[in-house]
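Here are my notes on the charged side chains in this model. Please read them with the structure open.

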Amino acid sequence: MYHEWRWRPYVSVAERRRQAEREMAKLRKMGYPVSPVVIEGRTIVKTFWGKAWCDNLERYSDYASRLPRGRTYVRNGSVVDLQIVPGEVKALVSGSEIYKVVVKVAPVPKGRWRSICQDCAGAIDSLVELLQGRFSKGVMERICRQRSGLFPTPDKIELSCSCPDWASMCKHVAAVLYGIGARLDQQPELLFKLHEVDGKGLIAKSRKGLPIAGKGPVAEKILGSDDLSAIFGLEMAQDTNPEAEMPAQQAKPRRAKTLPGKTDTAAHAGKGKAHSRSSASSPERRP
């Protein structure tokens, strides 16, 4: 018997938002801690941890062609609730109706986590530095290393959605995956909670770290988009840093003061030496 497939009627973004607000209001009355994903502007992720999460997924061919379906959804506020707990992410996404999405992530094997901590020992000085993603390039490469770093591979992620879409990664699931990256922008410590590891293990300890911990001077522990691009092989939008672009203000050289009552005898005596240093000590003339 032939069954005609019928697409569900289109629901506008405005209607989806109204529908979501009604559902979330009901949940709040029941005491549920609703936590929507809010994207400001067009950029979904801005910090190291958020970018690294999304770029790790995008570099796998299993996900690269399907993830873009969720960008519009996460940008327009369709991920109305997202909760990260150990080993699992639960979310509610507003579509033709409210759909339930579950993303299960396998914990990082203990041996791998030990190896990551040993390789990074002595390179991360504080919890603040860790959460801000202020690493040397060597530490970043170790954390983001494909299949042996901190971020999961597709075979370590289990996806499910209550929508009728037959694809394993529907647009609702894709929106949630980007939503996780956006949430890590605000609360990077949730990545360690999701993987069931203690992030404090990466902070510098008294023991001597492996050679990777010494790569890159301490002054270069602020990573830019070009560093992540090199690791993941992806093109990323450059973030401008107004403070970094401002040239350092040069100190004006001081003009020597002549003490009252001083004769010109001393000045004539040192005239030869002063003449040899005049190019270095006198201020530049401006046109």
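**Notes on the salt bridges**

1. The whole structure contains 7 salt bridges by a search of its atoms. Keep in mind that this is a predicted model. The points below take up some of the pairs.

2. Start with Arg142, which sits in helix 7 (residues 137-143). Its side chain meets that of Asp119 in a salt bridge, 2.7 Å from N to O. Asp119 belongs to helix 5 (residues 110-120) and Arg142 to helix 7, so the pair ties together parts 23 residues apart in sequence.

3. Is this pair buried or exposed? Arg142 is buried, because its relative accessible area is 3% and the cut-off for buried is under 20%. Asp119 also counts as buried, at 12% relative accessibility.

4. Next, look at Arg69 and Asp165. Their side chains form a salt bridge of 3.3 Å, N to O. This pair links distant parts of the chain, 96 residues apart. Arg69 is in the loop between helix 3 (61-64) and helix 4 (71-75), and Asp165 is in the loop between strand 4 (157-161) and helix 8 (171-186). Arg69 is partly exposed at 37% relative accessibility, and Asp165 is partly exposed at 27%.

5. Finally, a network of salt bridges links Glu15, Arg18 and Arg22. Within it, the closest N and O atoms of Arg22 and Glu15 are 3.7 Å apart. Arg22 is partly exposed, with a relative accessible area of 46%. Glu15 counts as partly exposed at 28%.

Terms used: Residues are numbered from 1 along each chain as its sequence is written. This is a predicted model: local features need pLDDT of at least 70, side-chain atom pairs count only at pLDDT 80 or more; totals for chains, interfaces and linings use all residues. Side-chain values use heavy atoms; hydrogens and water are left out. Helices (H or I, at least four residues) and strands (E, at least two) are DSSP runs, numbered from the N terminus. A salt bridge is a side-chain nitrogen of Lys or Arg within 4 Å of a carboxyl oxygen of Asp or Glu. Buried means under 20% relative accessible area, exposed over 50%, partly exposed in between (1.4 Å probe, protein chains only).
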